[in-house]
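Work through the following exercises with the structure open beside the text. Each task is followed by a solution in steps.

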There are 4 protein chains.
Amino acid sequence: MRAARLHAYDEPLRLEDVPEPRVTEPFDVIVRIGGAGLCRTDLHFIEGMWAEQAGVQLDLPFILGHENAGWVEEVGAGVEHVQPGDAVICHVQMTCGVCPACRRGDDMHCAQGVFPGIAAPGGFAELLKTNARTLVPLPDGVEPADVAAHADAGLTAIHAVKKAAATLTAGQRCVLIGIGGLGHIGLQCMKAMSPATVIAVDTRPETLELAAEWGADHTVLADGGQAEAVQELTDGHGAEAVIDFVGEFGTIEYGKQLVRRHGTYYVVGYGDEIRIPAIQVIFNEISFVGNLVGTYLDLVELIELHTQGKVTLRTQTYSLEAINDAIADLDAGRIQGRAILVPEGS
Amino acid sequence: MRAARLHAYDEPLRLEDVPEPRVTEPFDVIVRIGGAGLCRTDLHFIEGMWAEQAGVQLDLPFILGHENAGWVEEVGAGVEHVQPGDAVICHVQMTCGVCPACRRGDDMHCAQGVFPGIAAPGGFAELLKTNARTLVPLPDGVEPADVAAHADAGLTAIHAVKKAAATLTAGQRCVLIGIGGLGHIGLQCMKAMSPATVIAVDTRPETLELAAEWGADHTVLADGGQAEAVQELTDGHGAEAVIDFVGEFGTIEYGKQLVRRHGTYYVVGYGDEIRIPAIQVIFNEISFVGNLVGTYLDLVELIELHTQGKVTLRTQTYSLEAINDAIADLDAGRIQGRAILVPEGS
Amino acid sequence: MRAARLHAYDEPLRLEDVPEPRVTEPFDVIVRIGGAGLCRTDLHFIEGMWAEQAGVQLDLPFILGHENAGWVEEVGAGVEHVQPGDAVICHVQMTCGVCPACRRGDDMHCAQGVFPGIAAPGGFAELLKTNARTLVPLPDGVEPADVAAHADAGLTAIHAVKKAAATLTAGQRCVLIGIGGLGHIGLQCMKAMSPATVIAVDTRPETLELAAEWGADHTVLADGGQAEAVQELTDGHGAEAVIDFVGEFGTIEYGKQLVRRHGTYYVVGYGDEIRIPAIQVIFNEISFVGNLVGTYLDLVELIELHTQGKVTLRTQTYSLEAINDAIADLDAGRIQGRAILVPEGS
Amino acid sequence: MRAARLHAYDEPLRLEDVPEPRVTEPFDVIVRIGGAGLCRTDLHFIEGMWAEQAGVQLDLPFILGHENAGWVEEVGAGVEHVQPGDAVICHVQMTCGVCPACRRGDDMHCAQGVFPGIAAPGGFAELLKTNARTLVPLPDGVEPADVAAHADAGLTAIHAVKKAAATLTAGQRCVLIGIGGLGHIGLQCMKAMSPATVIAVDTRPETLELAAEWGADHTVLADGGQAEAVQELTDGHGAEAVIDFVGEFGTIEYGKQLVRRHGTYYVVGYGDEIRIPAIQVIFNEISFVGNLVGTYLDLVELIELHTQGKVTLRTQTYSLEAINDAIADLDAGRIQGRAILVPEGS
């Protein structure tokens, strides 16, 4: 099959013919890729940042791609709930199903979890090997390429939003920092799940216009005066919830000031450090809550919201053969929404 | 002041001049009535049903009216959070604020609670005496007469809906039985608070048309085939939540069959009996959850949803002097939405 | 292997040699039985009550036994988390692991669940075929025969108790009706999990003495005056929680009167009917919550409590060959605690 | 009346005769002090640390003392739930009862809250003026001086412990850092409320001996190897919950490493800074939860646990006239448990 492989850090991917993956275990499934999202994390892998800074060594030459959707091609002997031909989106992690975390629905913390596209070959190829537990069937009329970006970007957003939405009532405020790839999905999820007043903060005026269309009740330009503007919108008290989809470029520094007494800061994006005297955390009784990508059931809900039209995605399609162009475009900030790679013939 | 008083059960109310209520305790407040909702419960009081069947004796001659909104006229010495002139809606119960139930936000179960319009003079008059804890300030632009019906009908609806909404996710189903006075508010609250799929059931085709406008995802005519129709809409499994705003005329009998395994039946309306073998409750692990009118904070949320335009009310205005006409119209089913009584000059 | 099989309803079981079960699917596991609990439900199966009243036809000749523990004998190709020789207790249901219920930790509502001992051959034999997902490993020093009764009786008790304990605080009251097979485990679980005051109700004075040893704060003899006695212990308000492990002989009739305003009745035992006017459910805002047997993780917790010595079981051991004696003893009320059947050589 | 007043920072308190406080508002209550706890915070006030570092200026000459219990002496016109002669413990904050925080049971975040002993005269005197909402009646047999320390130290401990206990199941682990004034109460509360395994960490071997008596399952000496020791006790995964009652001297630095994936760090003590890269918070999906002193209902629960004998306090009594001795003893580390000041004749 055709695949894009990384042969050395900081080099372009090579389009080449590689052996097809095979079913070897009872729960294995081969998925024919309909679309694979290109994520900024892929760029960081290519640059070698993860190898250098996080000790995550790719098994070169390596097929990246962790946001995958397509059609079931072949299933192992123990698989009964999906069949060849089914359209599916792949949860980002292959999980065991029998550890306590999997049992309680917290499968992202599976004791045996493996991420295709990071610790096993990914989806920048015609076929992907995954396990049956990762697969969420798509309803009729939902095309794999149209939802691939939900497998990671959307899933991370909904996971954090669900925690916040569960605590918010009408009249309470939620600040969303960063209405980009994750944030624009998070904003729509929040509006679908909660009556809270949403204040969208972003550095780009055109993004804030979109945010208003997606349902933001207030938009605030992050031009240096954003903390003051949010305080004004919240009567000087701050917001019950702040969800930070950025986590770098100073967002934590100003964002933590926007949390109302007894409120919560949801950390989604990363890069910066959280730094705060314990006395402030106690005196205001605030919390900082970390958020990983979502669970399998979070993905089911997100696909449901997508199917109902409550969440829409912005995507830009590239042929798999043009992956290096997509990478260059992403690196240069030329992509609107998410770049989706589609193998020929899909 | 002018007031409508019941002098004997099953007689028309008499419009007459009565002494004005006075502040006697530190937390007393006198409210000038802007609007008072007429409730079917008032009819039952007039007929003597509560006296006969529930042992609740009114202190005749008596001023009914438990759905009240207006403007603060006078406050006691201990009142600091409202001032004369403030527009307010009155929570249905005067509560003590110091019992455990009040302390935990469950003020409807106040150990000392007193309902104006039932155990103390009500709002079918120019002035109402209540206590300061009942008052929810109205934002600019919200007229007391426009929201009075939220004080009881709306408050009961949102209270039940909040319990259900807290458990429902996208793709799960909620059946609402009865889209009348309570149900039409409950439906709008559910859509504002949850991404669940709403199935509205009613006996009146024209009400179902309105239900669709208010956001119901499916409407089902209760013509005898409603249980079957709901089962079809839920793949034969039933719904995760059923909220019964009727509770009589056989709704519980068919409604309990519509609860999916591990689902919940929210009892709001009453009149019928719940009757089910324990083995069915266990085998399907279903619950029956009772719902009283809501808490003070539920009312705050409801007014917020109203102010944001997420909930709209149908009301029909009568002058207080015409209250017996309103009663006759309600009794005869001639009222669209809620009848609101407005004293002259308000 | 040796097994006890039912050949016809209402006849003694026959001890005979039958073919051994075999691994045929990747997730199959064969367990060598160390102990199998005898449950009143088994008697009901033998009598044909389930066939007659619930339409559950056994595939005669049939091996009963749904409370099983032992040692892993053989595993299928897909099984990695247990190995031959491991001591294990078997959750009562074989579940799929991929339906929404399994995914969210609510595996008792598995869309594909099968109960060995009811819908597949059970544990009154030397070997049992189950699937790998059912198995909870036992820590060193915990013998299968000593905990077998937790697989169903204990699991049902802890499941209901966990729901109640999650809502109870110090000073609140929980009434436990029936301190028998389930109740004596439930009582100990409640004391381990919650600071609530426990009021144990039973018809047998000697059981109440044991209840006090197991930690009951108050004991009440169900001699007709139990409702009054509980009201006295709860200042006339009733208890925040009532857990009914009996559900027949009139317990629901008096038990429902013991629920405090805004309290909950947990239905565990069955046989009687729940019957209550909706107005009482609403006016007091009480709930009736059904309880099935617990989840896999509930069983893990229960084994942990057992291992820590916080829960102790009363059991009486019989050789598998003597199963008809055990049945006769159970039927005649001659068994203290749970009868456990142990195959020769185990 | 006699009172101890601070006339200038860093000077001894002066014992002197001052005018008695008077009821001036409907909800005012005068309490005759039975015991007032001396807290390290009082020392910090005397030293001027709060004035200097937190901008909290005392209104000199000032009566400190925020841990108060005694008997009701006089009540305002609006007070009905307590009467002169009642034994009571005083919640640390005078709250309004009508703001949203008070309404939802989160009264520590009252919009109008005032702390006696900090922002109003405190309890190092014969009489204290507070408001009726602060008072928790004491059951017969519980002496004010015996429980005064619960008003702040105990209340803070139980508040944090309740949050953690609500998430912990049998087999999960909770690390408690610091088994001193707060920690020894927190430890007993945790054991009363949860079946979790408790690992107590302290720098003092003799304190760890007491910790074992109070129910700690494991004790770990904080001698530099504590992080390693806890990891060993948790199979290298860390604990589901870490409650840090110290928050300085480096506890946060090592404590944050002890939180298991998806676990929580409860911040109670303060002094140090929380500092952690966002990537670690996300990757492990951990949370930092701030904790203020508890609510009124937390105090009710704590007094209940005390009354039931589930929590015991260590106290050392001083006459109010000897307050400067008590301060010197506290400063020099010579006090076992909490110093309680008792006015003559109480």
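**Exercise 1.** Describe the polar side of the interface between chain B and chain C.

Solution. Start with the count: 23 residue pairs, both at pLDDT 80 or more, are in polar contact between chain B and chain C. A polar contact is a pair of N or O atoms within 3.5 Å; within protein, one must be able to donate a hydrogen and the other to accept it, and residues adjacent in sequence count only if both atoms are side-chain atoms. This is a predicted model, where local features need pLDDT of at least 70, side-chain atom pairs count only at pLDDT 80 or more, and totals for chains, interfaces and linings use all residues. Residues are numbered from 1 along each chain as its sequence is written, chains are lettered from A in the order in which they are written, and side-chain values use heavy atoms, without hydrogens and water.

Next, locate the elements. On the side of chain B that touches chain C, at least two residues each come from α5 (153–165), β12 (259–267), β13 (273–277), α10 (278–283) and β14 (287–290) of chain B. Helices (H or I, at least four residues) and strands (E, at least two) are DSSP runs, numbered from the N terminus.

**Exercise 2.** How much area do chain B and chain C bury between them, and which residues of chain B supply more than any other three?

Solution. The buried area, meaning the accessible area (1.4 Å probe) that two parts lose on being put together, summed over both, is about 2,800 Å² for chain B and chain C, 55% of it on carbon and sulfur atoms. His109(B), Ile282(B) and Glu285(B) supply 21% of what chain B buries against chain C, more than any other three residues.

**Exercise 3.** Trace the sheet that runs through chain A and chain D.

Solution. Begin at the join: β14(A) and β14 (residues 287–290) of chain D run antiparallel, linked by 3 bridges (strands pair if DSSP finds at least two bridges between them). Here Phe288(A) has Phe288(D) as its bridge partner. Step back into chain A, where β12(A) and β14(A) pair in the parallel sense over 4 bridges; Tyr265(A) is partnered with Phe288(A).

The open sheet has 12 strands with mixed pairing, in the order β10(A)-β9(A)-β8(A)-β11(A)-β12(A)-β14(A)-β14(D)-β12(D)-β11(D)-β8(D)-β9(D)-β10(D). Because β10 (218–221) of chain A and β10 (218–221) of chain D each have a single partner strand, one side of each is left without a neighbour in the sheet.
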